[in-house]
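I opened the model today and kept notes as I went. The chains come one after another, then the contacts between parts.

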Amino acid sequence: MAFAYTPGLRVAAVADILKTRRLPLKGQVLVKKGDIVSADTVVARTELPGNVKMLNIANILGVPSQDIHELLHVKEGDPIEEKGVLAQSKGLFGRFFRNTVRSPITGFFETFNEITGQAVLREPPIPVQIDAYVNGVVAEILPEEGVVISTHCTFVQGIFGIGGEVRGELKTIVESPDQEVMPDRITPECAGKILVGGSYISNATLRKAIAQGVKAVVVGGFDDKDLKELLGYDLGVAITGHEKKGITLILTEGFGRMTMAHGTFDLLKSREGMTASVNGATQIRAGVMRPEVVIPLPASEANLADQGHQAGAMDLGSFIRCIRAPYFGRLGKVTALPPELKVVDSEAKVRVLEVEFEEGGRAIVPRANVELIEK
Amino acid sequence: MAAREIKSILATDCGSTTTKSILIEWRDGRFRLIRRGEAPTTVEAPAEDVTKGVLNAVGEIEDLEGRQFLNDAKDGVLVSEDGSRGVDVYCSTSSAGGGLQMTVAGVVKSMTGESAQRAALGAGAIVMDVVASNDGRLPHEKVADIRRLRPDMILLSGGIDGGTMDHVVELAEIIRAADPKPRFGVGYKLPVIYAGNKDARKAVAEQLGETVELKIVDNLRPVLERENLSPARDTIHELFMEHVMAQAPGYAKLMEWTGLYENGKWRNVPIMPTPGAVGKLIETVAKQLGIHVMGVDIGGATTDVFSVFDSEGQPVFNRTVSANLGMSYSVSNVLASAGIDNVMRWVPFHMDEADLRNRIRNKMIRPTTIPQELEELIIEQAIAREALRLALVQHRELAVGLKGVAQERTIGDAFDQSSSGATLVDMMALDLLIGSGGVLSHAPRRCQTAHMLIDSFLPEGVTMLAVDSIFMMPHLGVLSEVHPQAATEVFDNDCLIKLGHCVAPAGPVKRGGSLAEVRMTMPDGSVKTESIDYGVMKHVPLGAGEKVKAEIVPAKGLDVGEGLGKVWTGTLEGGVVGLVLDGRGRRPFNLPEDDVKRVEKLQEWSAALNTYPERFLSLGGDR
């Protein structure tokens, strides 16, 4: 059970991060290895197959499916125009009462099936392009699929987010990590910015931020009932990132009123005024994707070592943070790792550790309820 | 190595969060569970290799047992030819990486669509979508949905043999137009199994052409009156191994590890999808004992329900998976599906709704944490009740007789409302209810498990409750393929823990009074009579293996298994919990609507079963 703990979310002052930018289907890569790119550089593009429209020509003409072929005015693969003739019945004496089937779309006549009498019409392809998302260097080309961008940055992972990728200047709007973001802090100067808050933001304040044109808010906690109100539905499965609410929201701690970890707050505050790329996409099952704040660093800081690598195995003296009641959010040092199972308040028999909190005092905590942090 | 020479077996289950390993050995003339180990599953980044988690989980058994089970290089499980080192057999199940995700298609949604769904579920898949000619979607919407969901595999069925071909060919057309891409691996074609009208095989093959990896099997509904699900199920298993598993990180390696030596030759044992293995075990138990069984496995992401009930005199196995009902990843979906009021009704103290919502959400975002405080445990068990209840609702809807079958009716049937398509789930006929999965298997008190099972499944009449001791039914399911005797012995001795019989009279009840009287001849020969009173739960101590002759006399208009008002005579068996006499009523079962009364009743029932330590009475705020 040496592994029975939650690896901490990454909070790194300086890190080299790789970001894979992959097309949904095969396509064309527009940059080459070693290219320096900015966040909005288009790095690859493709075309998604157009939507299909199915049309039962045999039914419309009232002719058996196997007889349709000779009535078709187009061949498989032909381009078609909206309202253009696809097929026409022979009518009376080849001239009167002829039924005509016209195309409802512009695109291509893909297939016709002689058994069902059905034609598949396809709209023109939908162009899709992806940008670099962060300033950096093209580290690898994934042929026909995309690229891997390497960026030297400050990197902060949140625990939960909504909304997709945005970019903007960082602005801290509270004095301390335990402070709630009050509505009066959302001023016209916040427009287009990524705001860093403290322990909590209410739905009303968040709506004000949306109205002011704020790009993103990074904050300790948010109420679930407010999330329901904001989204207009109760979020079921934790797969987010596609919400179109006019803002990206990243929670660093969780739901409820939660003081942002001091390390996270101080780090984001130290990057005041810098441009950050932010993504609220969260996927907790299969893939474990967490929301993130990526702040590319200037070349002057290029040779600093990575200060915030992923935590290793837990040991005596490891720094941890409690991630569940009753000690949620408290920081401390591991002082004992008893191998035997211990009974906790819920009467569950679990593997535990003893922690000495930073502000003093010791407690026994299930190992599953802490995350490792690097100091 | 012949089966009788096998003495040592290692089995793993690679779950979505944890990889669990067990060691089974021949000791004192029978197979017993010796050790259990676990480690986080490593199919995701940064490891992206499922075998790392397997090595860690097996490594834990090595540490505990002080023997070698990994090879010298520590990069594989040690299976020896002569039994001198390591183990004789290694086998595994897996649901990591989201398990097997399928889309099924059938012409009529409630007929071939439903049969296809049952075939896929029975094979251990999560059915993401049922596409049917009459599902109400326009063709382009079906195309968009197939494309968006990116299943691992598609099962296409439709039409009885010799029937019309148009609709099933049309479905093939839709699949072709969608040009679906598999979830894993860019470079391979999506497997599509065709199990429909045999006359349409050629047309379907022409339609799908080279765009997919097409496999044709016997029609799963050759005539309206009969399902033939085995060929489709077997092919799903085969393709799961060949295509899906082989693409998932590390599985190609793991697939080489699982097996045993037979007569000096290596024989590979295929990896089974976890739910497929559990289902196999439950089916075997029902068959061996000739009883009606239900099993429920509640995981972090999904809840599976398995049942064996009779249909026209024949036992029928059914499995459903509620893909988004679970206790960690999917816990918020339980809240979204059941509604906050339904979750809160099981909390035996007053609490603020906003607080409850935040707690549930925090469990979702940190799924591997466990309740340290009693209050948190009680809340998790309240959610579990709703997840289990909803999973049963879904199971009832799918575990049904074949729809669309013409039935001959006599005048007697005119008064019997059952029709084709009626659910096979009959809680009164249920003999054994088995719970499995973390929240049930690892509940600090076994009476909590019994209480959760009773509240959510509402068994009727006389039902034995049991729990999978440490969640090893998947391991035993795959083992039953290799060594049925070892699987059965470990299941009986170490896996299945009987909690005790639950007795619950069913039928419309009047408030107050007795619902039934239970007369028991106790092991010491004394006769004990207990009344099952309205709105009351009672616990009668009766230990594991202890049995009493009993007579249950229901009140007028109530049923305990023999019919309305008829006396039930038989044997009641105890367990680690004992007998539970449940007088809260069935059909309907209602909790008091008044909040204060509801909390009072929940506290009373919890106290009767000794579900929680007494201090739970002081939890929560005042109302």
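These are my entries on what I looked up.

**Entry 1, ground rules.** I am working with a predicted model, in which local features need pLDDT of at least 70, side-chain atom pairs count only at pLDDT 80 or more, and totals for chains, interfaces and linings use all residues. Residues are numbered from 1 along each chain as its sequence is written, and chains are lettered from A and ligands numbered from 1 in the order in which they are written.

I found four helices and 29 strands in chain A; helices (H or I, at least four residues) and strands (E, at least two) are DSSP runs, numbered from the N terminus. The radius of gyration of chain A is 28 Å, well over the 21 Å that the globule rule gives for 375 residues, so chain A is more spread out than a compact globule. That radius is taken over C-alpha atoms, and the globule rule is 2.2 Å times the number of residues to the power 0.38. The C-alpha trace of chain A spans about 100 × 55 × 45 Å along its principal axes. Of the 375 residues in chain A, 42% are buried (20 or more other C-beta atoms within 10 Å of the residue's own, with C-beta atoms placed from the backbone).

**Entry 3, chain A against chain B.** I looked up the contact, which takes 45 residues from chain A and 49 residues from chain B; two residues are in contact if their C-beta atoms, placed from the backbone, lie within 7 Å. On the chain A side, strand 5 gives the largest share, three residues. The chain A side divides into 25 nonpolar, eleven polar and nine charged residues. Nonpolar means Ala, Val, Leu, Ile, Met, Phe, Trp, Tyr, Cys and Pro, charged means Asp, Glu, Lys and Arg, and the others, Gly among them, are polar.

Chain B is divided into domain 1 (3–96 + 250–270), domain 2 (99–228) and domain 3 (280–403 + 415–501 + 589–618), with bounds from an automatic or database domain assignment. The contact between domain 2 and domain 3 of chain B takes ten residues from domain 2 and nine residues from domain 3. Helix 2 (residues 109–122) of chain B supplies seven residues of the domain 2 side, its largest share.

Just after helix 14, L458(B) takes a positive phi of about 45°.

How values were computed. Buried ≥ 20, exposed ≤ 12 C-beta atoms within 10 Å, placed from the backbone.
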